[in-house]
Amino acid sequence: RDTWGKGISSYLTMMYERLKLMHSLLAEDGSIYVHCDWRVSYYLRFILDDVFGANKFVNEIAWCTTGASRVEKNYPRKHDTILYYSKSDNYTFNKDEIRIPYAEGSIDRANRNVIAKGGMNFDSIELNSDGKIPEDFWIDIQRAARYPGEKVGYPTQKAEKLLERIIKASSNAGDLIADFFCGSGSTAAVAEKLGRKWITTDLGRFSIHTTRKRM
């Protein structure tokens, strides 16, 4: 179970066993994205380093969102962590499938061919007409509840835009996508729309009910 019933050690034991299985099932050119919050991100990083190898760590993505907060004695926690590992050095990454628009400032500097003080010569830079590759902090994707018509009533539902970026970047049409903690079924729903095959599982009855209804 994905619960805290017996404390952090039981949770990490559960995750370690499952991540070992996922590693063995993963294609040689495949990747894994593990979504978590501030409570367990550093624990899971250690486990993933052990299972996949520290040299197979690709990136740590900060998924940043906005919204109201009642926090008064802390900075509001408005980002989750997505730990990104590969099976081998020959992993799929389709950079041109996930490009996003440049900021207006970047376009303006490129148009004016500005030479930054002591540094970059913008005259030698050509902006890609399709946009830039997203950085590892994602501020352009919000929670599922912020997208009209998408919410299905599952508390940890992921926005389809989030899964779309991940699936487009790390797989090709016809590839197999797996989500073993499927929750609301967002991964399977997006994989289906993008022409990927998929396997999705969960132990929670509400999750299975929600996903079956959605699919």
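**View 1. Helices H4 and H5 cross with their axes within 9 Å of each other, at roughly 60°.** That angle makes H4 oblique to H5. The crossing, seen here in a predicted model, is right-handed. On the H4 side, the contact is made by Glu160, Leu163, Glu164 and Ile167, while H5 brings in Ser186, Thr187, Ala189, Val190, Ala191 and Lys193. Sort the residues of this contact by type and you get 5 nonpolar, 2 polar and 3 charged. If you're wondering about the description used here, two packed helices are described by the angle between their axes and the distance between the axes.

**View 2. Helix H5, residues 186-193, is largely enclosed by the rest of the structure.** Buried here means under 20% relative accessible area. The buried residues are Ser186, Thr187, Ala188, Ala189, Val190 and Ala191.

**View 3. Threonine 200 sits in strand S6.** Which backbone oxygen does the side chain of threonine 200 reach? That would be the one belonging to aspartate 179, at 3.3 Å. Setting aside residues up to four places away in sequence, threonine 200 touches Asp179, Cys182, Ala188 and Thr211.

**View 4. Asparagine 59 is in strand S2, which spans residues 57-64.** Is this asparagine buried, partly exposed or exposed? Its relative accessibility is 26%, so asparagine 59 counts as partly exposed. Asparagine 59 and leucine 83 are 24 residues apart along the chain, yet their C-alpha atoms are separated by 6.5 Å. Leucine 83 is also one of the contacts of asparagine 59 once neighbours within four places in sequence are left aside; the others are Ile82, Tyr84 and Asp136.

Definitions and conventions
Residues are numbered from 1 along each chain as its sequence is written. This is a predicted model: local features need pLDDT of at least 70, side-chain atom pairs count only at pLDDT 80 or more; totals for chains, interfaces and linings use all residues. Side-chain values use heavy atoms; hydrogens and water are left out. Buried means under 20% relative accessible area, exposed over 50%, partly exposed in between (1.4 Å probe, protein chains only). Helices (H or I, at least four residues) and strands (E, at least two) are DSSP runs, numbered from the N terminus. A polar contact is a pair of N or O atoms within 3.5 Å; within protein, one must be able to donate a hydrogen and the other to accept it, and residues adjacent in sequence count only if both atoms are side-chain atoms. Contact means heavy atoms within 4.5 Å. Axes are lines fitted to C-alpha atoms, for helices over the stretch in contact, and angles run from 0 to 180 degrees between N-to-C directions. Angles under 35 degrees count as roughly parallel, over 145 as roughly antiparallel, 65 to 115 as roughly perpendicular and the rest as oblique. A crossing is left-handed if the near helix is turned anticlockwise from the far one by less than a right angle, and right-handed if clockwise. Ala, Val, Leu, Ile, Met, Phe, Trp, Tyr, Cys and Pro count as nonpolar, Asp, Glu, Lys and Arg as charged, and the others, Gly among them, as polar.
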